[in-house]
Amino acid sequence: MRWKKHNSYRYIGVTGFMNNSEVKKAIEIVPENTTYNLMVGILMSSKTLAGFANKYPSRYPQRENIADIFIDHPKALNLVHYSTDTPEKLLFELYCLTDLGGKNLDGFQLNIAWPSIVQLEDYFFDHPETFIVLQIGKRAMAEVDNSPKKLADMIENYLGIIDAILIDESGGKGESLNIIKIREYLKVIHDRQYPIGLGVAGGLGPKTVHIVKPLFEEFDEFNIDAENALRTPKPEDALDCAAMKEYLTKAYNMH
């Protein structure tokens, strides 16, 4: 039988950190009295886990650097955002990432369309307090026919293992959120009173974060994440710390 203490972490996220200095600049923006953590997102893939360069080298750090990027801070929720080309090996890969993440690793965001429940259960057996966010991307949506009801039905299978979901049809590409459509999905899940946090990502940044304010007001445990809108122009494609600070300041001021 599955049982999991629900980790009630509200968060405002930034994904794509490459070094400890960037994280420290972000945590400085977090107000002392906020109930929202800073989600520190580090991107990893099965390719970078194996020691090879990713096609986005400015966003995916080398595996041996992960532990040094995360910080020990009461307001930091340190997550590895993981995608894999070998989902049949997910359990083994999660164990590898757990070792690489070091003592400050809090958990994972799984950027995988409906990962194996059996493998997650096996991992959960040894690591029941690990914070798990299940990303719902375009492929995951397509597999439930883009139906709010079918999406909620599928999520039910993961209860007891995951702590939150994040609807992100942009997949880090910065595509704009359709707030009306997103709300339909969130409302069905929320009305079922699942013990999980709800979140969205896609195109959020300093110029657009205001559009999610109604969702913060409607849903108790609501989370957001930003990536693409916080990067400098290509080919550098680095984390734009000025844009990040502006985004975080505006997001935290909404509460």
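**Reading the terms from the values**

Guide: In this predicted model, let us begin with helix α1 (residues 20-27) and helix α10 (residues 241-252), whose axes come within 9 Å and cross at roughly 30°.

Visitor: What makes α1 roughly parallel to α10?

Guide: Angles under 35 degrees count as roughly parallel, and the axes of these helices cross at roughly 30°, so α1 is described as roughly parallel to α10. The crossing of the two is right-handed.

Visitor: Which residues make the contact between α1 and α10?

Guide: On the side of α1 the contact is made by E22, K25 and A26, and on the side of α10 by C241, M244, K245 and L248. Sorted by class, the contact of α1 with α10 has four nonpolar, no polar and three charged residues.

Visitor: Which residues of α7 and α8 meet?

Guide: From α7 come P148, K149, L151, A152 and I155, and they meet E184, Y185, V188 and I189 of α8. By class, that contact has seven nonpolar, no polar and two charged residues.

Visitor: How do helix α4 and helix α5 pack, and at what angle?

Guide: Helix α4 (residues 90-101) and helix α5 (residues 117-126) pack at about 35°, with their axes 8 Å apart, and their crossing is right-handed. In α4 the residues L90, L91, L94, Y95 and T98 meet Q119, L120, D122, Y123 and D126 in α5, which gives six nonpolar, two polar and two charged residues by class.

Visitor: How many aromatic pairs does the structure hold?

Guide: The structure holds six aromatic pairs, and one of them is formed by the rings of Y36 and F216.

Visitor: Why is the pair of Y36 and F216 called edge-to-face?

Guide: Rings pair if their centres lie within 6.5 Å, and planes over 60 degrees apart count as edge-to-face. The centres of Y36 and F216 are 5.6 Å apart and their planes stand at 75°, so this pair is edge-to-face. The pair links distant parts of the chain, since Y36 belongs to strand β2 (residues 36-45) and F216 to helix α9 (residues 213-218), 180 residues apart.

Visitor: How do you know that Y36 and F216 are buried?

Guide: Buried means under 20% relative accessible area. Y36 has a relative accessible area of 6%, and therefore it is buried; F216, at 8% relative accessibility, counts as buried too.

Visitor: What links Y36, F216 and F222 into a cluster?

Guide: The cluster of Y36, F216 and F222 is linked by ring pairs. F216 and F222 form an edge-to-face pair, 4.9 Å centre to centre with 90° between the planes, and both of these residues are buried.

Visitor: What makes L186 count as buried?

Guide: With the limit for buried at under 20%, L186 has 0% relative accessibility, and so it counts as buried. L186 lies in helix α8 (residues 179-191). Leaving aside neighbours within four places in sequence, L186 is in contact with I167, L198, G199, V200, L215, F219 and F222. I167 is 19 residues from L186 in sequence, and their C-alpha atoms are 8.8 Å apart.

Visitor: Why is K89 called partly exposed?

Guide: Buried means under 20% and exposed over 50%, with partly exposed in between; K89 has 45% relative accessibility, so it counts as partly exposed. K89 lies in the loop between β3 (76-83) and α4.

Note on methods: Residues numbered from 1 in each chain as written. Predicted model: local features only at pLDDT ≥ 70, side-chain atom pairs only at ≥ 80, totals over all residues. Heavy atoms only, no water. Axes fitted to C-alpha atoms, helices over the stretch in contact; angles between N-to-C directions. Helix = DSSP H or I, 4+ residues; strand = E, 2+ residues; numbered from the N terminus. Parallel < 35°, antiparallel > 145°, perpendicular 65-115°, else oblique. Left-handed = near helix turned anticlockwise from the far one by under 90°. Contact = heavy atoms within 4.5 Å. Nonpolar A, V, L, I, M, F, W, Y, C, P; charged D, E, K, R; others polar. Phe/Tyr/Trp six-rings, centres within 6.5 Å; stacked < 30°, edge-to-face > 60°. Buried < 20%, exposed > 50% of the residue type's maximum accessible area, 1.4 Å probe, protein only.
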